[in-house]
There are 2 protein chains.
Amino acid sequence: MNTPQRKFSIGVDIGGTNTSFGLVTPEGEILFQKGWPTHQFDSPLTLAKSIFQEIKSENFSFKNCVGIGIGAPSANARTGYIHSAANLHWKGDVDIRRQFESFFKLPVAIANDANATACGEAIYGAAKGIKDFAVVTIGTGLGSGIFHKGHLIDGFDGNGGELGHTILIPDGRQCGCGRRGCLETYTSASGIKHTGALLAEDWAGKSDLAEWIHSGKDFSSKTIFDFLKNNDALAQEVFKKTGYWLGIGIANMVTMIGLERIFLFGGPVAAGAALLDPVVYAFREQVIFYYRDKTKIEITGLVDRTASLLGAASLIYFKEE
Amino acid sequence: MNTPQRKFSIGVDIGGTNTSFGLVTPEGEILFQKGWPTHQFDSPLTLAKSIFQEIKSENFSFKNCVGIGIGAPSANARTGYIHSAANLHWKGDVDIRRQFESFFKLPVAIANDANATACGEAIYGAAKGIKDFAVVTIGTGLGSGIFHKGHLIDGFDGNGGELGHTILIPDGRQCGCGRRGCLETYTSASGIKHTGALLAEDWAGKSDLAEWIHSGKDFSSKTIFDFLKNNDALAQEVFKKTGYWLGIGIANMVTMIGLERIFLFGGPVAAGAALLDPVVYAFREQVIFYYRDKTKIEITGLVDRTASLLGAASLIYFKEE
């Protein structure tokens, strides 16, 4: 027996590999969820139909549904489209919001992953009641969702709010976006790996991680994190430098916008103090003095595994904008 | 005979040296204005009284006044205070908004200079009808007033929106704020002078400006501008580099916030294309691709001489926030 009397929103989390949906109460409880490989849907409409059938067969009533939120790569909240997502098999511009709206006859809101995570943090996470904050998501890239006075910062065209593509070092590391020196190239998981490779030479004979890298074995930011747990000196240095760069990037964001709280999110956050301490140190050193003691940097209040789903489900509460 | 039937707001522009006020119609026409040396007022209340008497003696009716806007250094829109302004003789925290409110019994809004200029640009200038834009003011420092979705970005405490104090070059030039590498140290009038001094050595024998600097004569950004008008090679290089740095700073702001239009304001803007061209070139190179062709950088739509007064007068139209 389900709980058909409780209100819920439907969160849909579309990823390059997997897509899942969940029924989420206003308090953040997930009443039901299910996932599939993304490639089995040839369009948003076939995905909508599958979600519909699952909800029906579980005996949830759409009368209790306040709306649908969809988080997806390259999703644009203003246009309602997914625009040429590099890692989705739906090519070109996909009118996903209208396809869901016309099928479900319910309000639908969409956003990209990082913005959805920030909305989730605001509704279900540690940002409840805070109007000026950002979630910084450290993954393959560096994402951000920024709120100012309770409004999501996504610019006049829905593409704003991209901390990861601000220039940290003019003419610095090559970025996948075609430019050089983006913050993302220093502070994403790929940036962490890059830093490890660059520093390994200086640490020959002084670090097991350096030996590992020199031997030509495969490694990633996760490998560096594993060595960090054994107090490897190079691994510590890599996280220290990463934290320094990320601290400057966050300081620039806070100086520019005036944020009260920053939440870090994503795999490398598991490094805990090894990452957070240098971030906070650099932030306090590099931010305009007003915010040195007023702005706090913390680990996210969302659980990694369900954050994307909660983020998507929360989007409907920002639909009025 | 005045025009007592027309609505107006009172703009008060408080500077370290001079203070002026003006009666400004919603269309931006200045019906009357007057100024004094700032030091002759021992408090905001004596200033309020002088303004009151002038308006009375000119036979304007307060019935037509929609409110009062005050632009001042270190003015905080949230608190209503001027907080320890370095170049005002009113020391400590000055409760200027409440002093004006209780004297005039009218709505009063305050803001710092750069934010007031941005509000003026929105109401009377080239930003009419644009919701996502920034005004970048190049003076002794580098100020900015940023709007997103029609809201002024000033952060949770009224101190946000400070483009000039974002870090352009980590560990770069010493800034007056105590940190290093702030955009302001490269792109303000003082930054322009600093760049001229640094580059002069490389240009010995190839530039009259370089000779001037080597001879130990006094010079400022204005001197460099004067040589620029004679096509001096060093002066051109200084403005090219300044434009490059400012272009990166603006690119980071636009990547972070998603702005449609940027307006440049202040003395060095008189250099015209010598400054604007490298700014636009660097901006297009350094901004996230979404905005390369969509965001325009222009010279302000406000006239320098009256901009501060119009900016102050416009503040009342943003009071609801």
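Helices (H or I, at least four residues) and strands (E, at least two) are DSSP runs, numbered from the N terminus.

## Basis of the model

This is a predicted model, in which local features need pLDDT of at least 70 and side-chain atom pairs count only at pLDDT 80 or more, while totals for chains, interfaces and linings use all residues. Residues are numbered from 1 along each chain as its sequence is written, chains are lettered from A and ligands numbered from 1 in the order in which they are written, and side-chain values use heavy atoms, with hydrogens and water left out.

## Two loop residues

Asn59(B) sits in the loop between helix 1 (44-57) and strand 4 (65-71) of chain B. Its phi is near 65°, a positive value in a residue other than glycine. Asn59(B) is exposed, with a relative accessible area of 59%. Exposed means over 50% relative accessible area, buried under 20%, and partly exposed in between (1.4 Å probe, protein chains only).

Asn231(A) lies in the loop between helix 7 (221-229) and helix 8 of chain A. The phi of Asn231(A) is also positive, near 60°. Asn231(A) is exposed, at 56% relative accessible area. Most residues other than glycine have a negative phi.

## Chain A as a whole

Chain A has ten helices and twelve strands. Its radius of gyration is 21 Å, close to the 20 Å that the globule rule gives for 321 residues, so chain A is as compact as a globular protein of that length. That radius is taken over C-alpha atoms, and the rule is 2.2 Å times the number of residues to the power 0.38.

The C-alpha atoms of chain A fill a box of roughly 65 × 45 × 40 Å along the principal axes. Of the 321 residues, 58% count as buried.

## How the two chains relate

A rotation of 180° with 0.0 Å of shift along its axis superposes chain A on chain B, with an RMSD of 0.0 Å. The two copies are thus related as by a two-fold rotation axis. The same surface serves both: 100% of the contact residues of chain A recur in chain B. The superposition is by least squares on the C-alpha atoms of residues with pLDDT of at least 70 in both copies.

## The second largest pocket

On a 1 Å grid over the protein atoms alone, a pocket is an open set of points with protein on both sides within 12 Å along at least five of seven lines; a cavity is a set where a 1.4 Å probe fits but cannot get out; lining residues have an atom within 4 Å of a point. Points are joined across faces, edges and corners, and a volume is the space filled by probe spheres set on them.

The second largest pocket has a volume of about 1400 Å³. It is lined by 47 residues, and Pro73(B), Ser74(B), Asn87(B), Asp113(B) and Ala114(B) lie nearest its centre. Helix 3 of chain B gives the most to this lining, with five residues. By class, the lining has 16 nonpolar, 26 polar and five charged residues. Ala, Val, Leu, Ile, Met, Phe, Trp, Tyr, Cys and Pro count as nonpolar, Asp, Glu, Lys and Arg as charged, and the others, Gly among them, as polar.

## The largest cavity

There are three cavities of 30 Å³ or more. The largest cavity has a volume of about 70 Å³. Its lining includes Asn252(A), Met256(A), Leu163(B) and Asn252(B). Helix 8 (233-257) of chain A and helix 8 (233-257) of chain B are the elements that give two or more residues to this lining.

Technical notes:
Contact means heavy atoms within 4.5 Å.
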